[in-house]
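Please keep the sequence and the three-dimensional view side by side while reading this briefing, which moves topic by topic through a predicted model.

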Amino acid sequence: MTLLAHDRYCDEIAHQVALLRSVVTSGAELSGTVPTCPDWSLEDLVRHMGGALRWVEFIVRTRAEEEVPEERVPGLAGPATRGDAAVLDAWLADGGEQVVAALREAGPDTKVWSWAGILNSGFWARRMTHEITVHRADATLAAGLPYEVAPDVAADAIDEWLQIVEYVQRTAPHDAARELRGPGRSIHLHATDTGADPKAERSEMRVPPSEGWGRVIELTEAGVTWRRGHEKATVALRGPLTSVLLAFYRRLPLDAPELEVLGERELLEFWLERATFG
């Protein structure tokens, strides 16, 4: 289940690359630590993202049928010189142009390897859209700059992550995945800037399905399931859609002033600690 068309993903990758480049050239300290990825400096993060774009470009362009070792991808490691924003920016721009061109040429249905059981280039267009959307948040927050993302992209990023969790539960149920199983527990994600009635949810944790953006996640004995809509849940996370996205990806603390947690906060924290398989 995807929300966006292939061309929309390609456009968004190009847009996100441009926005990440603006962080690189903003004067932000490239050697500064990224708070949401504390093992990385800002330059490390940009090199990771630029390398990922080149890796995917190689997979799609060569129609790879198996995982490609990073050492086979030309230019993946980035510039030899560190600390030069102009050189890093040019390398990132080139990688972005290459992956977008490869994805546009392939279209959504070309058969290529992927790690998630969806063996087509459309998987990579979607995955790279959300990979760079979230890592741009890391970079933007590290640089102290404002962060915004289009609502359709934010919504699809959450949907994709839920599908990844489902896939991991089906195919590689390690300890963390198994701990998400169990009856009678659910999570409601509710965007408050899409027309929903916050008063109704505060009193009953329930709003009409037609009102605004919402997702209901159930932790069942058989695994994680989810659906669109608004229903009574064990715990609800409410806030603007972008803030819900960032909290869901553990880029924004649950105590952020724009967020509200209703119900059993411990369940939401439990989910966020364990549903991080990527």
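**A hairpin between two strands**

- Strand β1, covering residues 33-34, pairs with strand β2, covering residues 37-41, in the antiparallel sense, and two bridges hold this pairing.
- Between β1 and β2 there are two residues, and the two strands together form a hairpin.
- Within this pairing, the residue that stands opposite Val34 is Cys37 in β2.

**Helix α2**

- The 20 residues of α2, counted at 1.5 Å a residue, should span 28 Å, and the C-alpha atoms at its ends are 29 Å apart, which agrees.
- Helix α2 is mostly covered, since 17 of its 20 residues are buried.
- Just after α2 comes Arg63, which takes a positive phi of about 55°.
- As background for looking along any such helix, an α-helix has 3.6 residues a turn, so residues three or four places apart point the same way.

**Aromatic pairs**

- Across the whole structure, a search finds eight aromatic pairs.
- In one of them, the rings of Trp55 and Trp113 have centres 5.9 Å apart and planes at 75°, and because an angle over 60 degrees counts as edge-to-face, this pair is edge-to-face.
- Trp55 belongs to helix α2 (residues 42-61), while Trp113 sits in the loop between α3 (85-106) and α4 (121-143), so that the pair links distant parts of the chain, 58 residues apart.
- Trp55 has a relative accessible area of 15% and is buried, and Trp113, at 15% relative accessibility, also counts as buried, because the cut-off for buried is under 20%.
- Another aromatic pair, formed by Trp115 and Phe123, is edge-to-face as well, with 5.5 Å from centre to centre and 90° between the planes.
- Trp115 is partly exposed, with a relative accessible area of 34%, whereas Phe123 counts as buried at 7% relative accessibility.
- Ring pairs link Trp55, Trp113, Trp115, Phe123 and Trp124 into a cluster.

- Strand β6, made of residues 235-239, is mostly covered, with five of its five residues buried.
- Which residues cover the two sides of this strand? Val235, Leu237 and Gly239 lie on one side and Ala236 and Arg238 on the other, and all of them are buried, so that both faces of β6 are covered.
- Strand β3 (residues 185-191) and β6 run parallel and are joined by five bridges, and among the residues involved, Ala191 has Gly239 in β6 as its bridge partner.
- Strand β7 (residues 260-263) and β6 run antiparallel and are joined by four bridges, and here Ala236 has Leu262 in β7 as its bridge partner.

**Salt bridges**

- Side chains of opposite charge can pair when their charged atoms come close.
- The structure holds 21 salt bridges.
- In one of these, the side chains of Asp159 and Arg228 meet, with 3.4 Å from N to O.
- Asp159 is in helix α5 (residues 151-171) and Arg228 is in strand β5 (residues 223-228), and this pair links distant parts of the chain, 69 residues apart.
- Glu260 is partly exposed, with a relative accessible area of 22%, while Arg238 is buried, with a relative accessible area of 6%.
- Glu273 forms a salt bridge with Arg274, and the closest N and O atoms of the two are 2.9 Å apart; Glu273 itself is partly exposed, with a relative accessible area of 49%.

Notes:
Residues numbered from 1 in each chain as written. Predicted model: local features only at pLDDT ≥ 70, side-chain atom pairs only at ≥ 80, totals over all residues. Heavy atoms only, no water. Pairing = 2+ DSSP bridges. Phe/Tyr/Trp six-rings, centres within 6.5 Å; stacked < 30°, edge-to-face > 60°. Buried < 20%, exposed > 50% of the residue type's maximum accessible area, 1.4 Å probe, protein only. Salt bridge = Lys/Arg side-chain N within 4 Å of Asp/Glu carboxyl O. Expected span 1.5 Å × (residues − 1).
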